[in-house]
Amino acid sequence: MRFSLFSSWLAVTAALVAAVPTFPHTQSTRDVESKYDYVIVGSGAGGGPLACRLAMAGYKTLLLEAGGDANGNVNVSVPGYQAVVTADPTLRWDIFVNHYKDQNRAKRDPKYVYEISSYQYHVGPNPPPGAKGLGILYPRGSMLGGSVNHNALIWIIPHKRDFDTIAILTGDDSWSASSMNKYLDKVYEWLPTMPTDPTILLRDLPLARHLVAGANAAGIDIPLLTPLAKLSQLLLLSPNSRVSPTRDATEGYFQVPLTMKFGTRTAVREFILSTVAAGHPLTVRTNTFVTKISFNTTGPKPRATGVEYMEGEYLYKASPLHRTNFGKKGSVQAKREVIIAGGTFNTPQLLKLSGIGPAPELQRFGIPVIKHLPGVGTNMMDRYEIPVNVKHEHDFSILDGCHFDLKPHDLCLKQWLENPYVLAARGAYASNGLASMMLKRSSFASTSDVDLSIFGGPLNFQGYFPGWHDFAVRDHKHFSWYSLKAHTRNRAGTVELRSSDPLDPPVINFNYFDTGTTEGGADKLDLGALVQAVRRSREALADYYKFPVLGGTSYTEEKPGPDVQSDEAIGQFIKDEAWGHHAACTCPIGPDSNPMAVLDSEFRVKGVDGLRVVDASIFPDIPGIFIQSAIFMASEKAADALIREARAADED
Ligand SMILES: Cc1cc2nc3c(=O)[nH]c(=O)nc-3n(C[C@H](O)[C@H](O)[C@H](O)COP(=O)(O)OP(=O)(O)OC[C@H]3O[C@@H](n4cnc5c(N)ncnc54)[C@H](O)[C@@H]3O)c2cc1C
Ligand SMILES: *[C@@H]1O[C@H](CO)[C@@H](O)[C@H](O)[C@H]1NC(C)=O
Ligand SMILES: *[C@@H]1O[C@H](CO)[C@@H](O)[C@H](O)[C@H]1NC(C)=O
């Protein structure tokens with residue numbers, strides 16, 4: 001009985017999803033042999049918008065995506081499932097990375113993962129005998145829409161300096177922030193954003209008490225006896241002002257805009273589907289894993305002519321559903337260009353497998369060198385993130401009935417499903433759980449812009465490991481302030497081939513802190529900023545006690561823990577347990593004078609023709625506070641550049 005009721009909720013979801021155009025599966029087998037103007041590899045933040053724009057301009061475009069389409073999967077559409085979706089085995093790639101090459105040091109992190117047997121993991125110390133050390137889980141989405149379809153939905157636009165520095169570096173003024181502004185307009189043509197409805201939050205007063213305390217700690221005057229009016233005002237403030245000239249340097253307390261439409265995740269996937277539905281010449285082929293870029297090497301410069309691929313589900317060995325190495329092989333040609341958008345790890349891997357990269361590394365794996373480009377897979381940057389987690393005696397009532405498991409007792413899902421059109425009525429699941437944030441400039445910031453964002457929410461978030469999605473919400477008694485250090489200085493990360501097998505995930509080393517970039521004390525400056533973030537988080541937690549008027553119980557700190565007080569102790573905690581999830585910069589744009597630059601300012605891979613990269617790997621420096629906005633804008637810019645070039649060529 002209850003199950004039939006539940007299936008009717010699922011039917012509602014299906015109907016809801018049907019309201020957006022569905023994926024034309026029949027199209028995926030058509031047109032295989034014919035030539036396309038453009039072939040794009042990867043349908044995420046970089047590849048998706050570009051494919052749409054090229055097709056909208058009339059160019060025959062093929063979008064190849066290794067993953068499937070999560071059509072109708074509530075794991076994707078429900079913002080409150082932002083952690084659950086990263087664990088969905090049909091959508092995820094388990095990538096394991098090293099924060100430190102020295103495995104003894106790496107194992108200081110309680111999130112360190114061992115493999116017990118294929119895709120069975122042990123997390124933390126005391127692994128069973130024979131378990132093999134893997135490293136730290138780095139979640140990636142493999143599906144139509146890429147990692148955008150399983151990210152935390154947070155939408156924060158880049159800082160002006162992120163783009164101005166590319167303009168200065170390359171001498172290409174089209175990258176200046178003022179020129180890039182029009183691409184943000186283009187993004188907003190297809191991307192809806194809205195914050196968590198404040199009325200949802202204000203119904204849980206002890207939760208509001210923490211958020212009020214955060215604002216107080218951020219230096220905002222909050223009346224002790226009537227704090228809620230002020231909090232309501234603050235939750236109206238967007239961090240994405242496009243009119244304030246001082247926005248990038250503005251500290252304070254803000255709402256968190258999310259990439260959703262009335263509480264349903266809506267972003268790149270929906271843009272792709274609506275572009276196809278509108279009849280533009282966009283062909284999407286899911287479950288198609290590209291193994292190699294093809295080149296014509298007879299001319300003076302190698303020219304990318306197409307790609308080779310394998311068809312099949314879960315072919316990449318990072319997929320927990322990987323069963324076979326044999327997909328149906330195929331190839332396709334691009335009349336104009338091939339564009340790689342596989343993301344920070346997969347793009348350098350595919351370039352290297354195809355003969356573009358550091359010659360010694362390629363030779364070690366017997367790969368014929370098409371073009372020696374030593375910078376491919378270097379310069380990797382990420383943010384550092386660190387939490388302060390506390391546990392209360394009471395449950396946060398906002399999570400009453402939220403079980404995060406799609407089962408009939410998940411009343412929060414029921415509420416979300418039954419109220420599709422009114423954000424405030426959808427309840428807790430119309431939020432990613434992180435409804436407000438502090439923006440702060442640490443005294444170790446590299447510029448005058450803010451470099452810390454500190455998010456608060458009723459969950460136990462300590463970073464990523466197998467099962468993190470369950471751990472974070474297992475009880476409803478935890479609250480976390482969690483910090484993200486923007487504009488980090490470490491560029492010592494690398495992505496290297498593990499083997500010449502395209503289905504093997506690469507070897508990924510982040511080389512954190514003192515094992516990475518140390519010039520000018522870079523590692524110590526980043527660490528110093530994070531220590532300040534932890535202290536600020538604790539101030540916010542202490543200020544909770546100033547607002548007893550809102551009710552709620554006392555808490556105890558679990559992480560870093562009451563013993564961790566000195567700068568040194570906090571610093572060690574950060575070095576051991578910090579993580580990141582915005583990996584970028586492995587195929588950096590740069591001037592010809594820099595031999596480590598991989599791309600020119602128009603996304604072209606140096607030294608070859610007909611090949612570009614458009615995804616998180618293109619940036620010389622990690623942009624912004626959150627990264628998808630900068631990638632979307634770069635994708636729109638790439639489309640503009642390609643379309644202008646194609647039109648000019650056609651006129652000749
Ligand atoms: C858990 C999590 C939460 C996040 N939260 C946020 C957030 O709240 N806000 C924010 O701004 N950013 C967030 N991010 C980061 C952001 O989503 C990513 O940085 C962004 O999606 C990267 O874009 P991309 O185009 O480089 O790669 P992706 O979006 O990962 O897309 C790459 C696609 O290429 C496909 N692909 C790769 N190799 C091949 C191949 N050989 N053949 C065919 N297809 C291939 C993959 O299957 C994938 O679909 C989050 C990331 C994660 C993992
Ligand atoms: C959603 O993800 C969970 C894992 O987090 C998985 O168990 C479940 O099967 C997924 N649901 C669907 C509909 O795919
Ligand atoms: C390869 O490039 C050469 C020279 O640019 C050209 O003449 C030839 O037709 C190309 N071959 C193919 C198969 O496209």
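Let's start with Asp-592. Asp-592 counts as exposed, at 68% relative accessibility. On the terms: buried means under 20% relative accessible area, exposed means over 50%, and partly exposed is in between, with a 1.4 Å probe and protein chains only. Asp-592 sits in the loop between H16 and strand S25 (611-613). Helices here are DSSP runs of H or I with at least four residues, strands are runs of E with at least two, and both are numbered from the N terminus. The side chain of Asp-592 makes a polar contact with the side chain of Lys-606, at 2.8 Å. A polar contact is a pair of N or O atoms within 3.5 Å; within protein, one must be able to donate a hydrogen and the other to accept it, and residues adjacent in sequence count only if both atoms are side-chain atoms. Val-376 is 216 residues away from Asp-592 along the chain, and their C-alpha atoms are separated by 14 Å.

Now the ground rules. This is a predicted model, where local features need pLDDT of at least 70 and side-chain atom pairs count only at pLDDT 80 or more, while totals for chains, interfaces and linings use all residues. Residues are numbered from 1 along each chain as its sequence is written, chains are lettered from A and ligands numbered from 1 in the order in which they are written, and side-chain values use heavy atoms, with hydrogens and water left out.

Back to H16, at residues 567-577. Which residues of helix H16 are buried? They are Ile-570, Gly-571, Phe-573, Ile-574, Asp-576 and Glu-577. Their cover includes strand S18 (384-392), helix H15 (522-543) and strand S24 (555-559).

Contact means heavy atoms within 4.5 Å. Lys-111 lies in the loop between helix H4 (103-106) and strand S4 (113-117). Is Lys-111 buried or exposed? Lys-111 has 4% relative accessibility, so it counts as buried. The side chain of Lys-111 reaches the backbone oxygen of Gln-462 at 3.4 Å. Thr-288 is 177 residues from Lys-111 in sequence, and 32 Å from it in space, C-alpha to C-alpha.

Next, strand S6, residues 132-141. Why call S6 largely enclosed by the rest of the structure? Because 8 of its 10 residues are buried. S6 pairs with strand S3 (residues 92-97) in the antiparallel sense, over 6 bridges. Two strands pair if DSSP finds at least two bridges between them. Phe-96 has Leu-137 in S6 as its bridge partner. S4 and S6 also run antiparallel, joined by 3 bridges. There, Tyr-114 stands opposite Gly-133.

On to the ligands. Ligand 1 has 39 residues around it, and those that come nearest are Glu-65, Ser-142, Ser-147, Ile-154 and Gln-628. A residue is near a molecule or strand if one of its heavy atoms lies within 4 Å of it. An N or O atom in the side chain of Ser-147 is 2.7 Å from an oxygen atom of ligand 1. A backbone N or O atom of Val-290 lies 2.9 Å from a nitrogen atom of ligand 1. Taken alone, ligand 1 exposes 1,000 Å², and the protein buries 98% of that. These areas come from the Shrake-Rupley method with a 1.4 Å probe; for residues, only the protein chains shown count as cover. S6 returns here: with strand S13 (288-296), helix H11 (343-353) and helix H17 (628-651), it gives two or more residues to the shell around ligand 1.

Ligand 2 next. Around it are Asn-73, Asn-75, Val-84, Ala-87, Asp-88, Leu-406 and His-469. A polar side-chain atom of Asn-75 lies 2.4 Å from an oxygen atom of ligand 2. For a polar backbone atom of Val-84, the distance to an oxygen atom of ligand 2 is 2.9 Å. Alone, ligand 2 exposes 370 Å², of which the protein buries 58%.

Last stop, helix H2 (residues 47-56). Arg-53 is found there. Arg-53 counts as buried, at 9% relative accessibility. Leaving aside neighbours within four places in sequence, its contacts include Lys-186, Glu-189, Trp-190 and Glu-636.
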